[in-house]
Amino acid sequence: MRDTSKVAAVAGASGSVGSAISRGLLEHGWRVALLYRRDHHKADLQERFAAYGDRALWVQVDASRSDRVYQAIETIRSHWDGLHLLVNAIGGWIGGKRLHEHAPEDLDAMLNMDLRPAFHLMQAVIPVMLHQRSGKIIHFASLAPLHDGAMSAVYAASKAGVIAMTRAAAKEYRRDGIQVYAFAPGIIDTEKNRQSMPDEDRSHWVPVQELVETVLFLAEGGDALSGTVFEFRGRE
Ligand SMILES: NC(=O)c1ccc[n+]([C@@H]2O[C@H](COP(=O)([O-])OP(=O)(O)OC[C@H]3O[C@@H](n4cnc5c(N)ncnc54)[C@H](OP(=O)(O)O)[C@@H]3O)[C@@H](O)[C@H]2O)c1
């Protein structure tokens, strides 16, 4: 029998948050295209998500490249009908230094990890969603640009761009059945953060499960919340 379950694309699926969101959606019956960048993630993802059989699809993409993103979305479309949800959990951080201490290359690195993927992914999926007259997009930004972003100026600027594009797109496509949201978390309680900050007090960190549950809620509802930047402050 033909599988008619909804289709999601999770970008940054090899990351701490992207992999948890992928699993959450698969557990709730979605078909999920897991978008990963570096070669070595494929075998790991295939092993971790093997239990979901044909409902999981692996697609490699460097999302800083427009042509690659279009190709990846086309691969998903040729495999399954429709694309109902895009979760963009791509990101990276260069910081811990004052603005004048940044290398000029840091700007490109942050744009390639934090801003360009959001732009290219939206450019590729919105035409599909316009055709369907429905679709949801969730981007991961950060609390940094909503605070002062000190010691993270380049990262905060890049994530601020994600928030700006989220708000603009939510308004531009509000009559087309497309909703766009941004998540702005503080420090997330991931294994990577536990290892890199072993002595930090984790009581105010954001549990990954709360992010997953909010994605699951928005995946099925919350249309009137389009344009919202969800601040996950933890228990600060
Ligand atoms: N962790 C936190 O405390 C925190 C706090 C605030 C906001 N956020 C944001 O939340 C999101 C998820 O964070 P996380 O902790 O799950 O990060 P993570 O574990 O470092 O994962 C980031 C993912 O992004 C992928 N990626 C980076 N640049 C890419 C590109 N150009 N094209 C395709 N994939 C690319 C990485 O792939 P590769 O491994 O192949 O490079 C990796 O899978 C990110 O947007 C992050 O900025 C995180």
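Predicted model: local features only at pLDDT ≥ 70, side-chain atom pairs only at ≥ 80, totals over all residues.
Figure 1. Ser19 counts as buried because 22 C-beta neighbours lie inside 10 Å, the cut-off for a buried residue being 20 or more. When neighbours within four places in sequence are left aside, Ser19 is in contact with Ala13 and Ser14. Ser19 and Leu45 are 26 residues apart along the chain, and their C-alpha atoms are separated by 8.5 Å.

**Figure 2. The packing of helix α3 (residues 66–79) and helix α4 (residues 104–132).** Two packed helices are described by the angle between their axes and the distance between the axes. Here the axes of α3 and α4 come within 8 Å and cross at roughly 35°. The crossing of α3 and α4 is right-handed. On the α3 side, the residues that take part are Ser66, Val69, Tyr70, Ile73 and Arg77. These residues meet His120, Leu121, Gln123, Ala124, Val125 and Val128 in α4. By class, the contact of α3 with α4 has seven nonpolar, three polar and one charged residues.

Figure 3. The secondary structure of the protein comprises seven helices and seven strands. From the N terminus on, the order of these elements is β-α-β-α-β-α-β-α-β-α-β-α-α-β. Taken along the principal axes, the C-alpha atoms of the protein fill a box of roughly 55 × 40 × 35 Å. For 236 residues, a compact globule would have a radius of gyration near 18 Å, and the 17 Å of the protein agrees with this value.

**Figure 4. Burial and contacts across the chain.** Of the 236 residues in the protein, 41% are buried. Among contacts between residues at least 6 apart in sequence, 69% join residues at least 24 apart.

How values were computed. Residues numbered from 1 in each chain as written. Helix = DSSP H or I, 4+ residues; strand = E, 2+ residues; numbered from the N terminus. Rg over C-alpha atoms; globule rule 2.2 N^0.38 Å. Buried ≥ 20, exposed ≤ 12 C-beta atoms within 10 Å, placed from the backbone. Contact = placed C-beta atoms within 7 Å. Axes fitted to C-alpha atoms, helices over the stretch in contact; angles between N-to-C directions. Left-handed = near helix turned anticlockwise from the far one by under 90°. Nonpolar A, V, L, I, M, F, W, Y, C, P; charged D, E, K, R; others polar.
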